[in-house]
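Trainee: I have this one open for the first time. Can we walk through a few parts of it?
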Amino acid sequence: MRYPEPLPDVLTTGSFTVTEADGFAVSRSRLRNGRLISLSRGIRSLAPDEIQSDGVDVGPASPSAPPSRGGRYEQTGIARSQIGAFTRITEHSAASHQTAGAVWNLCHHTCQREQTMIHISRPAGKAAPRRVKVIGHSSTIYDDEITTVDGIRVTTRERTWLDLAETLTVDELVVIADHLIRIPRIIFEGRYDPFCTKSDLEAMIDRHPGKRGIRKARAALELSRVGADSPPETQLRLALGRAGLPEPQINTAIVDDRGVRHHQPDISYPEHRVGVEYEGAGHNEERQVDRDIGRAERYRELGWTEVRISKRHMANDFRAGVAKVRDALISNGWRP
């Protein structure tokens, strides 16, 4: 049995363009081999069982550029090498919309279903890409609204957020905005600065006044707040606001009567001494349970009421969670 000539290593870790294969002197007859999959016109990939499993991605795939690290964007179900190949096959192209959201790990904040199509944008005046597996877009895109991640040309986080306003709800946009503008915790994330500021998002809106979804983006930006550490915290805050409860503070330390700072409730109402804590799956771990018990004891010592919210309180726009918070506020003197 005659085996096909091995491909260069850089082409065995995902998808690549025919032009990139030409740069490595791969013959066209080799590209017609049955073990190569044609993803679209001019784009090839090895069969899944032949792709190297070490996590190395094709990246820019040029004779002088090494492969970059990476694997699959879990939120899309599409390998990043595929995204990269589709952005490189046509000039002036960039991953955008839901695909860019996956590149920036924003899609898990919006409960998106697994994607099977790749969103590619080109600047106004350039024809929108038209090929298999691609949803093409053509719109006004400034040079500083496109960057490169692992060899993939992709819209910036701010521009991606604005593009997502075309299809997402206001609440989903608020969740992403809160994620982008939150102040990171250096001990956990290794960074001091937020991904962007509220002013950055506002400037992006002002740049594209007639863009589809712009009204939702403006509404979402007005509702966004610095401080939320997770999508459920943002969703709960929005539900509390819709229920007519007072505007809360977010991850702000409790300060006692002596001026001593204590822990930071996810959501708090200092005037009424009510703190709200959202407890995700990690709160079932033994060490976290111990910390939660200690936190509850501090609440009592400080004369505060703790309201604990979990996933089961999220149904029907956090109806059960809102009721718990409302009851605690009323018990502590708040009047609707």
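Mentor: Start with strand β3, residues 43–46. Keep in mind that this is a predicted model.

Trainee: Which way do the residues of β3 point?
Mentor: Ile43 and Ser45 point one way, while Arg44 and Leu46 point the other way.

Trainee: And are they buried or exposed?
Mentor: All of them are buried.

Trainee: How many bridges join β2 to β3?
Mentor: There are 4 bridges between β3 and strand β2, residues 36–40, and the two run antiparallel. Leu36 has Leu46 of β3 as its bridge partner.

Trainee: What sits between those strands in the hairpin?
Mentor: The hairpin of β2 and β3 has 2 residues between the strands. Gly42 takes a positive phi there, near 85°.

Trainee: How many bridges join β1 to β3, then?
Mentor: Strand β1, residues 15–17, is joined to β3 by 3 bridges, and this pair runs antiparallel. Thr17 is partnered with Ile43 of β3.

Trainee: Switching to helices. At what angle do α10 and α12 cross?
Mentor: At roughly 70°, with their axes coming within 9 Å. Helix α10 covers residues 231–242 and helix α12 covers residues 315–331. An angle of 65 to 115 degrees counts as roughly perpendicular, so α10 and α12 are roughly perpendicular to each other.

Trainee: Which residues make the contact?
Mentor: From α10 they are Pro232, Gln235, Leu236, Ala239, Leu240 and Arg242. From α12 they are Asp317, Phe318, Val322 and Val325.

Trainee: What is the contact of α10 with α12 like by class?
Mentor: It has 7 nonpolar residues, 1 polar and 2 charged.

Technical notes
Residues are numbered from 1 along each chain as its sequence is written. This is a predicted model: local features need pLDDT of at least 70, side-chain atom pairs count only at pLDDT 80 or more; totals for chains, interfaces and linings use all residues. Side-chain values use heavy atoms; hydrogens and water are left out. Buried means under 20% relative accessible area, exposed over 50%, partly exposed in between (1.4 Å probe, protein chains only). Two strands pair if DSSP finds at least two bridges between them. Axes are lines fitted to C-alpha atoms, for helices over the stretch in contact, and angles run from 0 to 180 degrees between N-to-C directions. Angles under 35 degrees count as roughly parallel, over 145 as roughly antiparallel, 65 to 115 as roughly perpendicular and the rest as oblique. Contact means heavy atoms within 4.5 Å. Ala, Val, Leu, Ile, Met, Phe, Trp, Tyr, Cys and Pro count as nonpolar, Asp, Glu, Lys and Arg as charged, and the others, Gly among them, as polar.
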